[in-house]
Amino acid sequence: MNNKVHLGHTARKRFGQNFLNDQSVIDNIVAAIDPKPEDHLVEIGPGLGALTEPVAEKIDSMSVVELDRDLAERLQAHPTLGKKLTIHQGDALQFDFSKLAKPGQRLKVFGNLPYNISTPLMFHLFEQADIVENMHFMLQKEVVLRLCASPNTKAYGRLSVMAQYYCKMIPVLEVGPQCFVPPPKVDSAVIRLEPYREVPYPAKDINQLQKVVTQAFSQRRKTIRNSLKGIATVEEVEALGVDITMRAEQVSLKQFVDIANFITDKATTPES
C-alpha cells in the first residue's frame, strides 16, 4: 500500500475527500497528463499529493488550489514539493484561474475532484476555457458517462450538451473504489477534456443556449413541442429542421444551438 495515506490526515467528509492510493492508476493518470517542463500545470485539490508528487518530479514548478487549510500547510512544509508549488488556499469554485495564465501559454488543469463540486467546477472552468489547454479529472463514473453521452442515450442530458459545446471529451480509464482511502461508494473514471479553440457550433448568446437546454431537459419526457412552449413556436422550430415530436435526449448539440440562435436573433430584431 502506498504510504502517502498514512500521514496522519483524516479524510474530511464535508470536503468530499477520498485519497487516491493505487500506484498503477496514479502512473496511468500521470502518463495521460504527460507533464513537460515548459507546461503551466494547475492541480485542483492536491490532497496528500498522490498525483502532485509524480507530476512535480517532471517539472520545475506548478500551481495548486487546495480548500483544506491543513493540507495546504502540509504541502507547503513538504521537503521537496514545497519549493516547486505555488499554493492557493481557497475554494476552486471561486478561484480566478485566469490570473495564473501567462501571455501565450495555456493552463493544463488536473485533479481528483470531490464529487459534490465536480459539475459546477467544470462549468466554472468552461467559462475560462480560452486559457485552458486541457483538463484531466477523476470523476464519478456516472458523470464521465454523461459528459461523453451521445443523443438517443439515457445518459445524454444538459451536462452532455453544454460540456460538449466547449470541449472534446476523451475517456482515459476507469477506477474502482478499492483504489481510494476511504473507498467511495461509487465507481470513478478519468476523463480528458480539450477545450475547442473555435467551438464547432457557436452560440450567439451562451446564456440563451443554457436556457433552451435547461428548459428542454427539465421536462425530458415531453416532446420539444411542449418543453419549449413559450420560447419558440412549433412553426419556428420546424423551420429550423428540428422534429418537434422529438424529446430533448434526441436533439443534437447543433440543433440546440440553432434553436438558441434563432431565439437570440428574434429578440434582437425589431418587429416591422
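Two strands pair if DSSP finds at least two bridges between them, and strands (E, at least two residues), like helices (H or I, at least four residues), are DSSP runs numbered from the N terminus. In strand 4, the bridge partner of Val65 is His88. The structure is a predicted model, in which local features need pLDDT of at least 70 and side-chain atom pairs count only at pLDDT 80 or more, while totals for chains, interfaces and linings use all residues. Residues are numbered from 1 along each chain as its sequence is written, and side-chain values use heavy atoms, with hydrogens and water left out.

**Overall chain**

- The protein chain has eleven helices and nine strands, and its C-alpha trace spans about 70 × 40 × 30 Å along the principal axes.
- Of the 272 residues of the protein chain, 50% count as buried, where buried means under 20% relative accessible area, exposed means over 50%, and partly exposed lies in between (1.4 Å probe, protein chains only).
- Among the contacts (heavy atoms within 4.5 Å) in the protein chain with a separation of 6 or more, 67% are made by residues 24 or more positions apart.

- Strand 2 (residues 40-44) runs parallel to strand 3 and is joined to it by three bridges, with Val65 in strand 3 as the bridge partner of Ile44.
- Strand 3 also pairs with strand 4 (residues 85-89) in the parallel sense, over five bridges.

**Packing of helix 7 and helix 8**

- Two packed helices are described by the angle between their axes and the distance between the axes.
- Helix 7 (residues 158-166) and helix 8 (residues 206-218) pack at an angle of about 155°, with their axes 9 Å apart; axes are lines fitted to C-alpha atoms, for helices over the stretch in contact, and angles run from 0 to 180 degrees between N-to-C directions.
- Helix 7 and helix 8 are therefore roughly antiparallel to each other, given that angles over 145 degrees count as roughly antiparallel, under 35 as roughly parallel, 65 to 115 as roughly perpendicular and the rest as oblique.
- Arg158, Val161, Met162, Tyr165 and Tyr166 in helix 7 meet Ile206, Leu209, Gln210, Val213, Thr214 and Phe217 in helix 8.
- By class, this contact of helix 7 with helix 8 has eight nonpolar, two polar and one charged residues; Ala, Val, Leu, Ile, Met, Phe, Trp, Tyr, Cys and Pro count as nonpolar, Asp, Glu, Lys and Arg as charged, and the others, Gly among them, as polar.

**Two buried residues**

- His136 lies in strand 6 (residues 132-140) and, at 3% relative accessibility, counts as buried.
- Leaving aside neighbours within four places in sequence, His136 is in contact with Ala32, Ile33, Val109, Phe110, Gly111, Val172, Ile191 and Arg192.
- Ile26, in helix 1 (residues 23-33), is buried with a relative accessible area of 0%, and its C-alpha atom is separated by 7.2 Å from that of Ala50, 24 residues apart along the chain.

**Backbone details in loops**

- A cis peptide bond, with omega about -10°, joins Val181 and Pro182, and Pro182 is found in the loop between strand 8 (180-181) and strand 9 (188-195).
- Asp34, in the loop between helix 1 and strand 2, has a positive phi of about 55° although it is not a glycine, and is partly exposed at 39% relative accessible area.
- Asn152, in the loop between helix 6 (141-148) and helix 7, has a positive phi of about 70° although it is not a glycine, and is exposed at 56%.
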